[in-house]
Amino acid sequence: METEDQSSGTKGRIGFRKAAGLRLAALLFGPLVLAGCATSPNLKSAEHLVQSNFHGQAHVVKVFPGPTPKLTGIVAENGQHQQGILWMLSNRYLLLGPVVNDKGHDITQAATKKYLAQPGKVPAEHIAPAAMKAPGFTIGHAGPLIVVFMDPNCIYCHLLWKALQEPVADGQLRVKLIPVGFLKDSSVAKAATILAAKDPAAAWANNEKGFNENTEEGGIQPLADLPPKDIAAINTNTALLQASGEEATPTLLFCQKNSSDANATKDKTGPQMTLEHGIAMHALPALISSLAGNVSADGCTP
């Protein structure tokens with residue numbers, strides 16, 4: 001998904017990822033610029049900005065020089081061991097999300113590659129067979145089938161869910177949603193509650209309807225007595241997501257007409273199966289238009 005501020009021209013792909021070698025490009029969702037402290041541009045002032053703006057739920061791992069004297073890079077980590085790049089401007093403001101310079105270069109992406117460990121790529125077709133068997137639910141009545149891994153507490157999954165409703169209703173695509181749980185302590189319980197529901201699709205819709213964008217919490221209330229089989233299913237789904245190369249949500253698996261993505265299949269004679277960790281909102285219509293065939297255990301099928 002994508003946040004964009006017209007006044008600053010910031011934009012880019014965003015999604016949640018976990019540390020221990022599995023990172024995210026942008027740490028948290030929120031306003032682009034937040035007022036902070038005014039001291040020297042060092043670890044202490046960066047920590048003050050991060051602590052105050054994230055209410056003590058994130059801390060600074062390190063700081064590094066930015067492309068200009070007034071811009072300082074920050075590697076920050078939250079309580080779920082998710083890391084991302086933030087920027088401190090003039091030692092008084094905290095910039096969240098991808099930032100581009102006047103030449104259109106994404107300096108956040110460049111810093112992410114330099115300062116955060118990058119996971120390896122896994123061929124999409126290696127994930128598809130297990131994804132098709134994974135517990136979840138499908139929405140839509142027509143169009144190509146894609147697969148999406150989502151955490152019930154994921155703000156970017158929430159935004160993607162909302163963005164998908166119209167094209168799904170219009171028959172442009174179908175979506176198999178695979179619930180996972182890793183972002184917050186309540187994620188597994190919420191995901192298992194949804195999976196245990198008589199109508200998981202309706203339960204997920206209720207979770208999104210009640211989603212609190214300020215706290216980044218899904219709206220569903222976990223069952224007091226969770227079925228062990230559903231907890232096990234969520235843990236299995238999450239392990240499958242990890243096997244995709246990143247513990248990141250949303251992660252999408254789809255077949256498209258043409259793809260230059262390094263993680264697409266090498267067969268260029270037909271639809272390409274592609275695995276994407278995160279998605280830019282502005283790219284969603286183009287992605288939908290590029291779909292060709294259904295994700296299946298046997299590859300891309302008509």
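Colleague: Which residues are linked in a network of salt bridges?

Modeller: This is a predicted model, so every contact discussed here is a computed one. Side chains of opposite charge can pair when their charged atoms come close. Here the network links Lys-184, Lys-190 and Glu-217.

Colleague: Is Lys-190 buried or exposed?

Modeller: Lys-190 is buried, at 5% relative accessible area. Lys-184 is partly exposed at 21%, and Glu-217 is partly exposed at 25%.

Colleague: How many salt bridges does a search of the whole structure find?

Modeller: The search returns 4. One of them joins Lys-162 to Glu-213, with the closest N and O atoms 3.4 Å apart. Lys-162 lies in helix α4 (residues 155–169) and Glu-213 in the loop between α6 (200–209) and α7 (228–243), so the pair ties together parts that are 51 residues apart in sequence. Both ends are partly exposed: Lys-162 has 46% relative accessibility, and Glu-213 has 32%.

Colleague: Turning to the sheet, in what order do the 5 strands stand?

Modeller: Strands of a sheet pair through backbone hydrogen bonds, either parallel or antiparallel. In this model the order is β7-β9-β8-β11-β12, in an open sheet with mixed pairing. The edges are β7 (137–139) and β12 (272–277); each has a single partner strand, so one side of each is left without a neighbour in the sheet. On average, neighbouring strands are turned by 20 degrees against each other, direction ignored.

Colleague: What packs on the sheet?

Modeller: Helix α6 does, touching β7, β8 and β9. The direction of α6 makes about 75 degrees with that of β7.

Colleague: How many bridges join β8 to β9?

Modeller: These two strands run parallel and are joined by 6 bridges. Within that pairing, Leu-145 has Arg-174 of β9 as its bridge partner, and Ile-146 stands opposite Val-175. Together with α4, the strands β8 and β9 make a right-handed β-α-β unit.

Colleague: In which sense do β8 and β11 pair?

Modeller: Antiparallel, over 3 bridges, with β11 covering residues 251–256. The bridge partner of Val-147 in β11 is Leu-253.

Colleague: Which residues lie on each side of β8?

Modeller: In a regular strand the side chains alternate between the two faces of the sheet. In β8, Leu-145, Val-147 and Phe-149 are on one side, and Ile-146, Val-148 and Met-150 are on the other. Both faces are covered, and these residues are all buried. The count for the strand, residues 145–150, is 6 of 6 buried.

Colleague: For a helix, which residues of α1 are buried?

Modeller: An α-helix has 3.6 residues a turn, so residues three or four places apart point the same way. In α1 (residues 43–53), the buried ones include Ser-45, Ala-46, Leu-49, Val-50 and Asn-53. They cover an arc of only 135 degrees around the axis, which puts them on the same side of α1.

Colleague: What follows α1?

Modeller: His-55 follows α1, and its phi is positive, near 55 degrees.

Methods: Residues are numbered from 1 along each chain as its sequence is written. This is a predicted model: local features need pLDDT of at least 70, side-chain atom pairs count only at pLDDT 80 or more; totals for chains, interfaces and linings use all residues. Side-chain values use heavy atoms; hydrogens and water are left out. A salt bridge is a side-chain nitrogen of Lys or Arg within 4 Å of a carboxyl oxygen of Asp or Glu. Helices (H or I, at least four residues) and strands (E, at least two) are DSSP runs, numbered from the N terminus. Buried means under 20% relative accessible area, exposed over 50%, partly exposed in between (1.4 Å probe, protein chains only). Two strands pair if DSSP finds at least two bridges between them. A crossover is right-handed if, with the strands pointing away from the viewer, the path from the first strand over the helix to the second runs clockwise. The arc is that of the directions from the helix axis to the C-beta atoms. Axes are lines fitted to C-alpha atoms, for helices over the stretch in contact, and angles run from 0 to 180 degrees between N-to-C directions. Contact means heavy atoms within 4.5 Å.
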